[in-house]
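The questions below concern a single protein chain, and each answer is meant to be followed with the model open alongside.

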Amino acid sequence: MEKEQFEYYFKEYHSLVLRVAFTETKSRADAEDILQEVFLKLLRYRPKFENAEHEKAWIIRATVNLCKDFLKSKWNNSTVGIDEISESEKPYFKVPYLEQDETLWAVLELKERYRQTLYLFYYEDYSIKEIARTLGLPENTVKTNLKRGREAVKKILERKKVEVEGKDDSKRNYRKNFL
């Protein structure tokens, strides 16, 4: 692979790989490790792509597969992990086109099958057909996962809204009683 071609792949896809890896691992450091592995795999295997769509699908599929391998690895399973994204981690992972996207953080809480389909559909603008091809799923399964994922995100956002409103009410009551 020519240096220029590799640089093109990196410039074109590094942020995509980082975002997809982050949605899977929920850790910036692990996502950066996956990013390196994806591009090493690209250098090592030098796949021939039919077109830009095939290129992007291969890179996403490689990213998802490496994330799955990482998540089930002995090293990952024998270390103490953080089940949820800490508040201190959020500022370090900025989605370029979105500053504060509570919906993204709700999507990250979902089961893998819903998280992947929602992320690819809404954040990477993939069609249902493209998602089915990339993830190796029937189109109807993708549609079902999108529907169920949307419902789950709605519940998460409603729950968070109630939690925030509850905190605001308790602050008001505290101030009221204090004054």
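Q: Is Asp 125 buried or exposed?
A: In this predicted model, Asp 125 is found in the loop between α6 and α7, and although Asp 125 is not a glycine, its phi is positive, at about 55°. Exposed means over 50% relative accessible area. Because its relative accessibility is 65%, Asp 125 counts as exposed.

Q: Which residue other than glycine has a positive phi near 60°, and where is its place?
A: The residue is Lys 26, whose phi is near 60°. As for its position, Lys 26 lies in the loop between α1 and α2.

Q: How many helices and how many strands make up the secondary structure of the protein?
A: Read from the N terminus on, the elements run α-α-α-α-α-α-α-α. The secondary structure therefore comes to zero strands and eight helices.

Q: Are α3 and α7 parallel, perpendicular or oblique to each other?
A: Two packed helices are described by the angle between their axes and the distance between the axes. Here the axes of α3 and α7 come within 9 Å and cross at roughly 50°, in a crossing that is right-handed. Angles under 35 degrees would count as roughly parallel and those from 65 to 115 as roughly perpendicular, so α3 and α7 are oblique.

Q: Which residues of α3 and α7 make the contact between these helices?
A: The axes of the two helices come within 9 Å, and the contact draws on residues from both. From α3 the contributors are Glu 53, Ala 57, Ile 60 and Arg 61, and from α7 they are Glu 130, Arg 133, Thr 134 and Leu 135.

Q: Which residues in α7 are buried, and which residue with a positive phi follows α7?
A: Within α7, the buried residues include Ile 131, Ala 132, Thr 134 and Leu 135, and two of these, Thr 134 and Leu 135, also take part in the contact with α3. The residue that follows α7, with a positive phi near 70°, is Gly 136.

Q: Leaving out residues up to four places away in sequence, which residues does Ile 34 touch?
A: With residues up to four places away left out, the partners of Ile 34 are Ala 21, Thr 25, Thr 63, Leu 66, Cys 67 and Phe 70.

Q: How many aromatic pairs are there, and what angle lies between the planes of Tyr 9 and Phe 49?
A: Rings pair if their centres lie within 6.5 Å, and by this rule the count comes to eight aromatic pairs. Tyr 9 and Phe 49 form an edge-to-face pair at 5.8 Å centre to centre, with an angle between the planes of 80°.

Q: How many residues apart are Tyr 9 and Phe 49?
A: Both residues are buried, and both belong to one aromatic cluster together with Tyr 8 and Trp 58. Tyr 9 sits in helix α1 and Phe 49 in the loop between α2 and α3, so that the pair links distant parts of the chain, the separation being 40 residues.

Terms used:
Residues are numbered from 1 along each chain as its sequence is written. This is a predicted model: local features need pLDDT of at least 70, side-chain atom pairs count only at pLDDT 80 or more; totals for chains, interfaces and linings use all residues. Side-chain values use heavy atoms; hydrogens and water are left out. Rings of Phe, Tyr and Trp (its six-membered ring) pair if their centres lie within 6.5 Å; planes under 30 degrees apart count as stacked, over 60 as edge-to-face and the rest as tilted. Helices (H or I, at least four residues) and strands (E, at least two) are DSSP runs, numbered from the N terminus. Buried means under 20% relative accessible area, exposed over 50%, partly exposed in between (1.4 Å probe, protein chains only). Contact means heavy atoms within 4.5 Å. Axes are lines fitted to C-alpha atoms, for helices over the stretch in contact, and angles run from 0 to 180 degrees between N-to-C directions. Angles under 35 degrees count as roughly parallel, over 145 as roughly antiparallel, 65 to 115 as roughly perpendicular and the rest as oblique. A crossing is left-handed if the near helix is turned anticlockwise from the far one by less than a right angle, and right-handed if clockwise.
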